[in-house]
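Okay, everyone, thanks for coming. Let me put the structure up on the screen, and then we'll walk through it together.

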Amino acid sequence: LLVVVAQQVAAVRRGESLSATLPAVDTAMRPAVQALTFHVMRRLGAAQAARALLAPKAPPPEVDALLVTALALAWPGAAPPPYAVHTLVDQAVAAMRRQRPAAAGFVNAVLRRFTRETEAIAAQAVAASPQARFNHPTWWIERVRRDWPQPAPAVLDAADAHPPMTLRVNPRRTTVDAARARLAAAGLPTHAAPHPGAPHALTLLGAAPVHALPGFAQGELSVQDAAAQRAAPLLVAGGAIGAPLRAGARVLDACAAPGGKTAQLLELADLDLLAIDHDAARLPRVHHTLDRLGLRAEVRAADAVEPAAWWDGRPFDAVLLDAPCTASGIVRRHPDVRWLRRPGDVARLAARQRALLAALWPLVAPGGRLLYATCSVFRAEGQDVIDAFLQREAGAGAVADPASPGHLLPLPENPADPASPGAPAGDGFFLSLLHKPRLA
Ligand SMILES: C[S@@+](CC[C@H](N)C(=O)[O-])C[C@H]1O[C@@H](n2cnc3c(N)ncnc32)[C@H](O)[C@@H]1O
(Lines give C-alpha, C1' and ligand atoms only; values in the text may rest on other atoms or scores of the structure.)
Protein backbone atom coordinates (compact mmCIF):
# COMPACT_ATOMS: atom_id res chain seq x y z
CA LEU A 1 0.00 0.00 0.00
CA LEU A 2 2.73 2.44 1.03
CA VAL A 3 4.56 1.87 -2.26
CA VAL A 4 1.40 2.57 -4.29
CA VAL A 5 0.79 5.77 -2.30
CA ALA A 6 4.40 6.85 -2.90
CA GLN A 7 3.90 6.22 -6.63
CA GLN A 8 0.87 8.52 -6.58
CA VAL A 9 2.88 11.17 -4.76
CA ALA A 10 5.69 10.83 -7.31
CA ALA A 11 3.13 11.21 -10.12
CA VAL A 12 1.81 14.47 -8.66
CA ARG A 13 5.36 15.76 -8.29
CA ARG A 14 5.88 15.00 -12.00
CA GLY A 15 2.74 17.07 -12.74
CA GLU A 16 0.09 14.35 -13.11
CA SER A 17 -3.36 14.84 -11.59
CA LEU A 18 -4.69 12.30 -9.09
CA SER A 19 -8.02 12.42 -10.95
CA ALA A 20 -6.11 10.81 -13.83
CA THR A 21 -3.85 8.43 -11.89
CA LEU A 22 -6.14 7.09 -9.11
CA PRO A 23 -8.62 5.40 -11.49
CA ALA A 24 -5.72 3.17 -12.65
CA VAL A 25 -5.24 1.81 -9.10
CA ASP A 26 -6.74 -1.60 -8.35
CA THR A 27 -10.38 -1.04 -7.25
CA ALA A 28 -10.04 -2.96 -3.99
CA MET A 29 -7.09 -0.79 -2.93
CA ARG A 30 -8.29 2.51 -4.36
CA PRO A 31 -10.21 3.97 -1.39
CA ALA A 32 -7.28 3.39 0.97
CA VAL A 33 -4.74 4.67 -1.56
CA GLN A 34 -6.84 7.78 -2.16
CA ALA A 35 -7.30 8.52 1.55
CA LEU A 36 -3.59 8.13 2.30
CA THR A 37 -2.46 10.07 -0.78
CA PHE A 38 -4.83 12.93 0.10
CA HIS A 39 -3.38 12.87 3.63
CA VAL A 40 0.13 13.21 2.17
CA MET A 41 -0.92 16.06 -0.16
CA ARG A 42 -2.17 18.02 2.86
CA ARG A 43 1.21 17.70 4.60
CA LEU A 44 3.56 17.67 1.63
CA GLY A 45 5.12 21.10 2.26
CA ALA A 46 6.00 20.14 5.82
CA ALA A 47 7.23 16.66 4.87
CA GLN A 48 9.47 18.08 2.13
CA ALA A 49 10.96 20.57 4.57
CA ALA A 50 11.61 17.78 7.10
CA ARG A 51 13.28 15.66 4.44
CA ALA A 52 15.51 18.60 3.53
CA LEU A 53 16.52 18.93 7.19
CA LEU A 54 17.16 15.23 7.66
CA ALA A 55 18.88 14.67 4.31
CA PRO A 56 19.97 17.96 2.75
CA LYS A 57 21.03 16.29 -0.52
CA ALA A 58 17.88 15.20 -2.38
CA PRO A 59 17.83 11.44 -3.04
CA PRO A 60 16.58 10.05 -6.40
CA PRO A 61 12.88 10.89 -7.06
CA GLU A 62 11.42 7.47 -6.17
CA VAL A 63 13.39 7.31 -2.88
CA ASP A 64 12.39 10.88 -2.11
CA ALA A 65 8.72 10.16 -2.87
CA LEU A 66 8.75 7.23 -0.43
CA LEU A 67 10.49 9.32 2.22
CA VAL A 68 8.16 12.32 2.02
CA THR A 69 5.18 9.93 1.93
CA ALA A 70 6.33 8.22 5.12
CA LEU A 71 7.15 11.54 6.81
CA ALA A 72 3.74 13.02 5.93
CA LEU A 73 1.94 9.91 7.19
CA ALA A 74 3.94 9.99 10.45
CA TRP A 75 3.42 13.74 10.92
CA PRO A 76 2.25 14.65 14.42
CA GLY A 77 -0.89 16.75 14.79
CA ALA A 78 -4.52 16.88 15.63
CA ALA A 79 -5.39 14.06 13.23
CA PRO A 80 -3.79 10.83 14.45
CA PRO A 81 -1.38 9.40 11.88
CA PRO A 82 -3.26 6.80 9.79
CA TYR A 83 -0.43 4.28 10.39
CA ALA A 84 1.33 3.16 13.57
CA VAL A 85 4.69 4.86 13.14
CA HIS A 86 6.88 1.78 13.70
CA THR A 87 4.81 -0.15 11.10
CA LEU A 88 5.27 2.72 8.69
CA VAL A 89 9.05 2.75 9.10
CA ASP A 90 9.28 -1.06 8.79
CA GLN A 91 7.17 -1.02 5.62
CA ALA A 92 9.09 1.84 4.04
CA VAL A 93 12.42 0.14 4.70
CA ALA A 94 11.11 -3.22 3.43
CA ALA A 95 9.81 -1.53 0.26
CA MET A 96 13.19 0.08 -0.36
CA ARG A 97 14.98 -3.19 0.22
CA ARG A 98 12.88 -4.70 -2.61
CA GLN A 99 13.11 -1.73 -4.98
CA ARG A 100 16.54 -0.27 -4.35
CA PRO A 101 18.48 -2.27 -1.76
CA ALA A 102 21.29 0.29 -1.73
CA ALA A 103 18.92 3.00 -0.43
CA ALA A 104 17.29 0.92 2.34
CA GLY A 105 19.86 1.87 4.99
CA PHE A 106 19.50 5.56 4.15
CA VAL A 107 15.67 5.43 4.37
CA ASN A 108 15.94 3.54 7.65
CA ALA A 109 18.31 6.12 9.12
CA VAL A 110 16.21 9.13 8.06
CA LEU A 111 12.91 7.73 9.29
CA ARG A 112 14.30 6.40 12.59
CA ARG A 113 15.78 9.81 13.35
CA PHE A 114 12.40 11.40 12.61
CA THR A 115 10.65 8.98 14.98
CA ARG A 116 13.21 9.72 17.73
CA GLU A 117 13.05 13.51 17.34
CA THR A 118 9.58 13.98 15.84
CA GLU A 119 8.46 17.08 17.72
CA ALA A 120 11.74 18.97 17.35
CA ILE A 121 12.16 18.19 13.66
CA ALA A 122 8.51 18.92 12.88
CA ALA A 123 8.73 22.28 14.66
CA GLN A 124 11.95 23.18 12.86
CA ALA A 125 10.53 22.12 9.48
CA VAL A 126 7.33 24.10 9.88
CA ALA A 127 9.31 27.18 10.91
CA ALA A 128 11.52 26.83 7.82
CA SER A 129 9.16 28.43 5.31
CA PRO A 130 5.52 29.41 4.63
CA GLN A 131 5.37 26.47 2.18
CA ALA A 132 6.14 24.08 5.07
CA ARG A 133 3.76 25.86 7.47
CA PHE A 134 0.80 26.05 5.07
CA ASN A 135 1.41 23.10 2.76
CA HIS A 136 0.94 25.17 -0.39
CA PRO A 137 3.49 26.44 -2.93
CA THR A 138 4.99 29.82 -2.02
CA TRP A 139 3.46 31.68 -5.00
CA TRP A 140 -0.03 30.45 -3.99
CA ILE A 141 0.45 31.54 -0.37
CA GLU A 142 1.59 34.98 -1.53
CA ARG A 143 -1.43 35.34 -3.80
CA VAL A 144 -3.90 34.38 -1.06
CA ARG A 145 -2.16 36.79 1.35
CA ARG A 146 -2.41 39.58 -1.21
CA ASP A 147 -6.06 38.84 -2.05
CA TRP A 148 -7.23 38.13 1.52
CA PRO A 149 -4.76 39.73 3.95
CA GLN A 150 -6.69 39.02 7.13
CA PRO A 151 -8.30 35.61 6.54
CA ALA A 152 -5.34 34.22 4.51
CA PRO A 153 -4.12 31.76 7.20
CA ALA A 154 -7.64 30.41 7.70
CA VAL A 155 -8.21 30.09 3.94
CA LEU A 156 -4.94 28.16 3.55
CA ASP A 157 -5.58 25.95 6.59
CA ALA A 158 -9.11 25.19 5.35
CA ALA A 159 -7.54 23.41 2.38
CA ASP A 160 -6.03 20.86 4.77
CA ALA A 161 -9.33 20.00 6.47
CA HIS A 162 -11.59 17.16 5.42
CA PRO A 163 -14.48 18.52 3.35
CA PRO A 164 -18.04 17.88 4.46
CA MET A 165 -20.34 15.77 2.29
CA THR A 166 -23.20 17.99 1.18
CA LEU A 167 -26.28 16.79 -0.67
CA ARG A 168 -28.77 18.61 -2.86
CA VAL A 169 -32.39 17.69 -2.46
CA ASN A 170 -34.38 17.54 -5.70
CA PRO A 171 -37.56 19.52 -5.00
CA ARG A 172 -39.30 17.79 -7.93
CA ARG A 173 -39.07 14.48 -6.08
CA THR A 174 -39.14 15.26 -2.35
CA THR A 175 -38.77 18.00 0.27
CA VAL A 176 -35.76 18.98 2.36
CA ASP A 177 -37.56 17.95 5.57
CA ALA A 178 -38.60 14.56 4.17
CA ALA A 179 -35.08 13.91 2.84
CA ARG A 180 -33.56 14.91 6.17
CA ALA A 181 -35.87 12.53 8.03
CA ARG A 182 -35.18 9.69 5.60
CA LEU A 183 -31.43 10.17 5.91
CA ALA A 184 -31.65 10.24 9.71
CA ALA A 185 -33.70 7.03 9.70
CA ALA A 186 -30.93 5.42 7.64
CA GLY A 187 -28.37 6.44 10.30
CA LEU A 188 -27.15 9.48 8.36
CA PRO A 189 -27.91 12.59 10.43
CA THR A 190 -27.40 16.04 8.91
CA HIS A 191 -26.33 19.46 10.22
CA ALA A 192 -29.26 21.49 11.49
CA ALA A 193 -28.01 24.93 10.35
CA PRO A 194 -29.29 26.00 6.93
CA HIS A 195 -26.91 27.03 4.15
CA PRO A 196 -27.59 30.62 3.10
CA GLY A 197 -28.42 30.90 -0.59
CA ALA A 198 -28.64 27.11 -0.92
CA PRO A 199 -32.11 26.17 0.35
CA HIS A 200 -31.88 22.57 -0.86
CA ALA A 201 -28.53 21.76 0.74
CA LEU A 202 -28.17 19.17 3.50
CA THR A 203 -24.73 18.42 4.95
CA LEU A 204 -24.13 15.01 6.47
CA LEU A 205 -22.47 14.89 9.88
CA GLY A 206 -20.34 12.04 8.53
CA ALA A 207 -19.81 10.72 5.01
CA ALA A 208 -21.39 7.84 3.13
CA PRO A 209 -21.01 6.19 -0.26
CA VAL A 210 -23.69 7.46 -2.65
CA HIS A 211 -25.29 4.03 -3.01
CA ALA A 212 -26.00 4.10 0.73
CA LEU A 213 -28.00 7.35 0.44
CA PRO A 214 -31.72 6.61 0.60
CA GLY A 215 -33.39 8.05 -2.49
CA PHE A 216 -30.18 8.60 -4.46
CA ALA A 217 -30.97 6.05 -7.19
CA GLN A 218 -34.51 7.46 -7.38
CA GLY A 219 -33.16 10.94 -8.13
CA GLU A 220 -34.13 12.53 -4.82
CA LEU A 221 -30.55 13.49 -3.96
CA SER A 222 -27.32 14.58 -5.61
CA VAL A 223 -23.90 15.29 -4.15
CA GLN A 224 -22.93 18.95 -4.52
CA ASP A 225 -21.09 21.42 -2.32
CA ALA A 226 -23.21 24.11 -0.62
CA ALA A 227 -21.39 27.03 -2.33
CA ALA A 228 -21.83 25.41 -5.75
CA GLN A 229 -25.54 25.05 -4.94
CA ARG A 230 -25.93 28.84 -4.78
CA ALA A 231 -25.48 29.39 -8.52
CA ALA A 232 -28.69 27.92 -9.98
CA PRO A 233 -31.16 29.50 -7.49
CA LEU A 234 -29.56 32.91 -8.04
CA LEU A 235 -29.82 32.65 -11.83
CA VAL A 236 -33.41 31.36 -11.70
CA ALA A 237 -34.63 33.91 -9.13
CA GLY A 238 -32.83 36.86 -10.73
CA GLY A 239 -31.19 38.41 -7.68
CA ALA A 240 -32.31 41.79 -6.34
CA ILE A 241 -33.13 43.40 -9.67
CA GLY A 242 -34.34 40.60 -11.96
CA ALA A 243 -37.66 38.76 -12.10
CA PRO A 244 -37.73 34.96 -11.68
CA LEU A 245 -37.35 33.09 -14.97
CA ARG A 246 -40.72 32.28 -16.55
CA ALA A 247 -41.63 28.71 -17.51
CA GLY A 248 -40.09 27.86 -20.88
CA ALA A 249 -37.37 30.52 -20.56
CA ARG A 250 -34.45 29.91 -22.89
CA VAL A 251 -31.29 29.18 -20.92
CA LEU A 252 -27.70 28.37 -21.87
CA ASP A 253 -25.38 26.42 -19.58
CA ALA A 254 -22.13 27.21 -21.38
CA CYS A 255 -19.62 25.03 -19.45
CA ALA A 256 -21.96 22.28 -18.38
CA ALA A 257 -20.06 19.05 -17.72
CA PRO A 258 -20.43 17.05 -15.54
CA GLY A 259 -23.86 18.63 -15.26
CA GLY A 260 -24.36 19.38 -11.57
CA LYS A 261 -25.66 22.90 -12.17
CA THR A 262 -27.50 21.93 -15.37
CA ALA A 263 -29.52 19.46 -13.31
CA GLN A 264 -30.12 21.92 -10.50
CA LEU A 265 -31.42 24.57 -12.91
CA LEU A 266 -33.95 22.05 -14.24
CA GLU A 267 -34.93 20.91 -10.75
CA LEU A 268 -35.86 24.52 -9.95
CA ALA A 269 -37.77 25.58 -13.08
CA ASP A 270 -39.23 24.37 -16.38
CA LEU A 271 -36.62 25.68 -18.79
CA ASP A 272 -35.73 25.33 -22.44
CA LEU A 273 -32.11 24.56 -21.64
CA LEU A 274 -29.14 24.12 -23.95
CA ALA A 275 -26.14 22.60 -22.15
CA ILE A 276 -22.81 22.72 -23.97
CA ASP A 277 -19.26 21.72 -23.13
CA HIS A 278 -16.30 21.71 -25.48
CA ASP A 279 -15.07 18.41 -24.06
CA ALA A 280 -17.25 15.77 -25.73
CA ALA A 281 -15.77 13.07 -23.50
CA ARG A 282 -17.38 14.72 -20.46
CA LEU A 283 -20.89 14.84 -21.94
CA PRO A 284 -21.96 11.26 -21.08
CA ARG A 285 -21.80 12.29 -17.43
CA VAL A 286 -24.26 15.11 -18.12
CA HIS A 287 -26.66 12.66 -19.80
CA HIS A 288 -26.25 10.18 -16.95
CA THR A 289 -27.03 12.83 -14.32
CA LEU A 290 -30.08 14.13 -16.18
CA ASP A 291 -31.40 10.57 -16.73
CA ARG A 292 -31.04 9.68 -13.05
CA LEU A 293 -32.94 12.81 -12.04
CA GLY A 294 -35.57 12.49 -14.77
CA LEU A 295 -34.69 15.86 -16.38
CA ARG A 296 -34.35 16.96 -19.99
CA ALA A 297 -32.04 19.37 -21.79
CA GLU A 298 -30.42 19.67 -25.18
CA VAL A 299 -26.81 18.59 -24.62
CA ARG A 300 -24.15 19.34 -27.23
CA ALA A 301 -20.38 19.40 -27.66
CA ALA A 302 -19.56 22.99 -28.56
CA ASP A 303 -16.95 25.64 -27.85
CA ALA A 304 -18.51 28.51 -25.93
CA VAL A 305 -15.91 30.97 -27.25
CA GLU A 306 -17.06 30.31 -30.83
CA PRO A 307 -20.86 30.82 -30.81
CA ALA A 308 -20.82 31.34 -34.59
CA ALA A 309 -20.26 27.57 -34.91
CA TRP A 310 -23.34 26.49 -32.92
CA TRP A 311 -25.68 29.36 -31.95
CA ASP A 312 -28.94 29.65 -33.90
CA GLY A 313 -29.18 33.36 -33.20
CA ARG A 314 -32.09 33.18 -30.71
CA PRO A 315 -31.01 35.12 -27.59
CA PHE A 316 -30.99 33.51 -24.17
CA ASP A 317 -33.00 34.84 -21.22
CA ALA A 318 -30.29 33.53 -18.90
CA VAL A 319 -26.76 32.21 -19.32
CA LEU A 320 -24.71 30.30 -16.77
CA LEU A 321 -20.96 30.65 -17.32
CA ASP A 322 -19.36 28.25 -14.81
CA ALA A 323 -15.93 28.94 -16.20
CA PRO A 324 -12.85 26.73 -16.15
CA CYS A 325 -10.47 27.97 -13.43
CA THR A 326 -7.54 27.00 -11.20
CA ALA A 327 -10.00 25.27 -8.80
CA SER A 328 -8.22 27.08 -5.95
CA GLY A 329 -11.51 27.09 -4.00
CA ILE A 330 -11.91 23.31 -3.93
CA VAL A 331 -8.44 22.22 -2.80
CA ARG A 332 -9.85 20.52 0.28
CA ARG A 333 -11.65 18.14 -2.13
CA HIS A 334 -8.73 17.92 -4.58
CA PRO A 335 -5.65 18.37 -2.40
CA ASP A 336 -3.21 17.71 -5.27
CA VAL A 337 -4.39 20.78 -7.21
CA ARG A 338 -2.16 23.22 -5.29
CA TRP A 339 0.97 21.19 -6.21
CA LEU A 340 -0.05 20.85 -9.86
CA ARG A 341 -0.80 24.47 -10.72
CA ARG A 342 1.94 26.79 -11.93
CA PRO A 343 1.95 30.54 -11.21
CA GLY A 344 1.33 31.35 -14.90
CA ASP A 345 -1.90 29.30 -14.86
CA VAL A 346 -3.80 32.09 -13.09
CA ALA A 347 -3.23 34.70 -15.81
CA ARG A 348 -3.77 32.12 -18.57
CA LEU A 349 -7.11 31.00 -17.09
CA ALA A 350 -8.20 34.56 -16.33
CA ALA A 351 -7.64 35.40 -20.01
CA ARG A 352 -9.85 32.43 -20.96
CA GLN A 353 -12.52 33.53 -18.50
CA ARG A 354 -12.54 37.04 -19.97
CA ALA A 355 -12.76 35.59 -23.50
CA LEU A 356 -15.70 33.35 -22.52
CA LEU A 357 -17.54 36.24 -20.91
CA ALA A 358 -16.95 38.49 -23.91
CA ALA A 359 -18.10 35.77 -26.34
CA LEU A 360 -21.28 34.90 -24.41
CA TRP A 361 -22.53 38.34 -23.40
CA PRO A 362 -23.89 39.12 -26.91
CA LEU A 363 -26.05 35.96 -26.65
CA VAL A 364 -27.95 37.35 -23.64
CA ALA A 365 -31.34 38.84 -24.55
CA PRO A 366 -32.01 42.51 -23.66
CA GLY A 367 -33.37 42.39 -20.10
CA GLY A 368 -31.70 39.00 -19.64
CA ARG A 369 -28.89 37.94 -17.34
CA LEU A 370 -25.65 36.03 -17.10
CA LEU A 371 -24.24 34.39 -14.00
CA TYR A 372 -20.45 34.21 -13.94
CA ALA A 373 -19.07 31.56 -11.58
CA THR A 374 -15.69 30.05 -10.74
CA CYS A 375 -14.59 27.71 -7.95
CA SER A 376 -11.58 29.90 -7.19
CA VAL A 377 -10.56 32.06 -4.25
CA PHE A 378 -8.23 34.14 -6.42
CA ARG A 379 -9.53 37.63 -7.17
CA ALA A 380 -7.90 37.43 -10.61
CA GLU A 381 -10.48 34.77 -11.54
CA GLY A 382 -13.41 36.45 -9.80
CA GLN A 383 -13.95 40.11 -9.01
CA ASP A 384 -11.11 41.28 -11.29
CA VAL A 385 -12.76 39.59 -14.30
CA ILE A 386 -16.09 41.25 -13.49
CA ASP A 387 -14.57 44.69 -12.79
CA ALA A 388 -12.79 44.65 -16.16
CA PHE A 389 -15.97 43.48 -17.90
CA LEU A 390 -18.15 46.15 -16.28
CA GLN A 391 -15.68 48.85 -17.16
CA ARG A 392 -15.74 47.76 -20.81
CA GLU A 393 -19.54 47.42 -20.87
CA ALA A 394 -20.30 50.52 -18.80
CA GLY A 395 -21.53 52.44 -21.83
CA ALA A 396 -23.95 49.64 -22.70
CA GLY A 397 -25.44 49.68 -19.19
CA ALA A 398 -24.42 46.21 -17.91
CA VAL A 399 -24.88 46.00 -14.14
CA ALA A 400 -23.84 43.55 -11.44
CA ASP A 401 -26.73 42.51 -9.21
CA PRO A 402 -26.26 43.81 -5.65
CA ALA A 403 -27.44 40.42 -4.32
CA SER A 404 -24.48 38.66 -5.96
CA PRO A 405 -22.41 37.01 -3.23
CA GLY A 406 -19.09 37.77 -4.97
CA HIS A 407 -16.22 35.87 -3.40
CA LEU A 408 -17.21 33.11 -0.98
CA LEU A 409 -14.30 31.88 1.11
CA PRO A 410 -14.19 28.28 2.36
CA LEU A 411 -14.61 29.37 5.97
CA PRO A 412 -17.37 28.58 8.46
CA GLU A 413 -17.77 32.20 9.48
CA ASN A 414 -17.85 33.50 5.95
CA PRO A 415 -17.40 37.29 5.83
CA ALA A 416 -19.87 37.32 2.93
CA ASP A 417 -22.38 35.49 5.11
CA PRO A 418 -22.37 36.90 8.62
CA ALA A 419 -25.89 35.52 9.00
CA SER A 420 -24.76 31.91 8.81
CA PRO A 421 -23.12 30.88 12.07
CA GLY A 422 -22.97 27.15 12.35
CA ALA A 423 -23.46 26.25 8.71
CA PRO A 424 -20.56 24.01 7.65
CA ALA A 425 -18.18 25.84 5.35
CA GLY A 426 -18.83 25.58 1.63
CA ASP A 427 -16.05 25.51 -0.96
CA GLY A 428 -14.34 28.67 -2.14
CA PHE A 429 -16.46 30.14 -4.93
CA PHE A 430 -17.16 33.30 -6.87
CA LEU A 431 -20.60 34.29 -8.14
CA SER A 432 -21.58 37.47 -9.94
CA LEU A 433 -24.95 37.98 -11.60
CA LEU A 434 -24.87 40.45 -14.50
CA HIS A 435 -27.94 42.09 -16.00
CA LYS A 436 -28.27 43.38 -19.55
CA PRO A 437 -30.42 46.48 -19.93
CA ARG A 438 -33.73 46.26 -21.80
CA LEU A 439 -33.90 47.95 -25.18
CA ALA A 440 -35.03 51.55 -24.83
C1 LIG B 1 -16.04 24.17 -13.71
S2 LIG B 1 -16.39 22.97 -14.93
C3 LIG B 1 -18.13 23.04 -15.03
C4 LIG B 1 -18.88 22.31 -13.94
C5 LIG B 1 -20.37 22.18 -14.20
N6 LIG B 1 -20.97 23.47 -14.51
C7 LIG B 1 -21.12 21.54 -13.06
O8 LIG B 1 -21.72 22.25 -12.25
O9 LIG B 1 -21.13 20.31 -12.97
C10 LIG B 1 -15.88 23.79 -16.37
C11 LIG B 1 -16.22 23.08 -17.66
O12 LIG B 1 -15.98 23.99 -18.72
C13 LIG B 1 -15.63 23.27 -19.86
N14 LIG B 1 -15.03 24.21 -20.81
C15 LIG B 1 -13.82 24.80 -20.76
N16 LIG B 1 -13.65 25.63 -21.81
C17 LIG B 1 -14.79 25.59 -22.54
C18 LIG B 1 -15.23 26.20 -23.72
N19 LIG B 1 -14.45 27.05 -24.39
N20 LIG B 1 -16.47 25.92 -24.19
C21 LIG B 1 -17.28 25.05 -23.53
N22 LIG B 1 -16.91 24.42 -22.39
C23 LIG B 1 -15.69 24.68 -21.90
C24 LIG B 1 -14.71 22.19 -19.32
O25 LIG B 1 -14.65 21.09 -20.22
C26 LIG B 1 -15.41 21.84 -18.01
O27 LIG B 1 -16.26 20.74 -18.16
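Let's start with S404, and ask: is S404 buried or exposed? With a relative accessibility of 18%, S404 counts as buried, because the cut-off for buried is under 20%. Keep in mind that this is a predicted model. You'll find S404 in the loop that runs between β9, residues 399-400, and β10, residues 406-408. Its side chain has a polar atom 2.9 Å from the backbone oxygen of D401. If we skip residues up to four places away in sequence, S404 touches L431, S432 and L433.

Now stay with that stretch of chain and step back to G397. This glycine sits in the loop between α18 and β9. G397 counts as partly exposed, because its relative accessibility is 31% and that class runs between 20% and 50%. Leaving out residues up to four places away in sequence, G397 touches H435 and P437.

Next is helix α18, residues 383-393, where we find A388. A388 also counts as partly exposed, at 35% relative accessibility.

Okay, on to the ligand. How many residues surround the ligand? There are 21, and the closest are D277, R282, D303, A304 and D322. By type, that shell divides into 11 nonpolar residues, three polar and seven charged.

Let me point out some individual atom pairs. C255 has a backbone N or O atom 3.0 Å from a nitrogen atom of the ligand. For G259, a backbone N or O atom lies 3.2 Å from an oxygen atom of the ligand. And R352 uses its side chain: one of its polar atoms is 3.1 Å from a ligand nitrogen atom. So how much of the ligand is covered up by the protein? Taken alone, the ligand exposes 610 Å², and the protein buries 88% of that. Two elements give two or more residues to the shell, namely α14, residues 260-268, and α17, residues 344-360.

Let's look at those two helices, α17 to begin with. It has 17 residues and reaches 25 Å from its first C-alpha to its last, close to the 24 Å expected at 1.5 Å a residue. Which residues of α17 are buried? They are D345, V346, L349, A350, Q353, L356, L357, A359 and L360. An α-helix has 3.6 residues a turn, so residues three or four places apart point the same way.

In α14, our example is T262. T262 counts as buried, with a relative accessibility of 0%. Its side chain makes a polar contact with the side chain of D253, at 2.7 Å. Apart from neighbours within four places in sequence, T262 is in contact with D253, A256, L273, A275 and L290.

Last topic: backbone geometry. Most residues other than glycine have a negative phi, and most peptide bonds are trans. With that in mind, which peptide bond is cis? Have a look at the one from A257 to P258, where omega is near 5°. P258 is in the loop between β4, residues 249-253, and α14.

Then there's phi. N135 has a phi near 55°, a positive value in a residue other than glycine. Its place is the loop between α9, residues 130-134, and α10, residues 138-147. N135 is buried, with a relative accessible area of 7%. A327 isn't a glycine either, and its phi is positive too, at about 65°. You'll see A327 in the loop between β7, residues 316-322, and α16, residues 337-340. A327 is buried as well, because its relative accessible area is 10%.

Technical notes:
Residues are numbered from 1 along each chain as its sequence is written. This is a predicted model: local features need pLDDT of at least 70, side-chain atom pairs count only at pLDDT 80 or more; totals for chains, interfaces and linings use all residues. Side-chain values use heavy atoms; hydrogens and water are left out. Helices (H or I, at least four residues) and strands (E, at least two) are DSSP runs, numbered from the N terminus. Buried means under 20% relative accessible area, exposed over 50%, partly exposed in between (1.4 Å probe, protein chains only). A polar contact is a pair of N or O atoms within 3.5 Å; within protein, one must be able to donate a hydrogen and the other to accept it, and residues adjacent in sequence count only if both atoms are side-chain atoms. Contact means heavy atoms within 4.5 Å. A residue is near a molecule or strand if one of its heavy atoms lies within 4 Å of it. Accessible areas come from the Shrake-Rupley method with a 1.4 Å probe; for residues, only the protein chains shown count as cover. Ala, Val, Leu, Ile, Met, Phe, Trp, Tyr, Cys and Pro count as nonpolar, Asp, Glu, Lys and Arg as charged, and the others, Gly among them, as polar. The expected span of a helix is 1.5 Å times one less than its number of residues.
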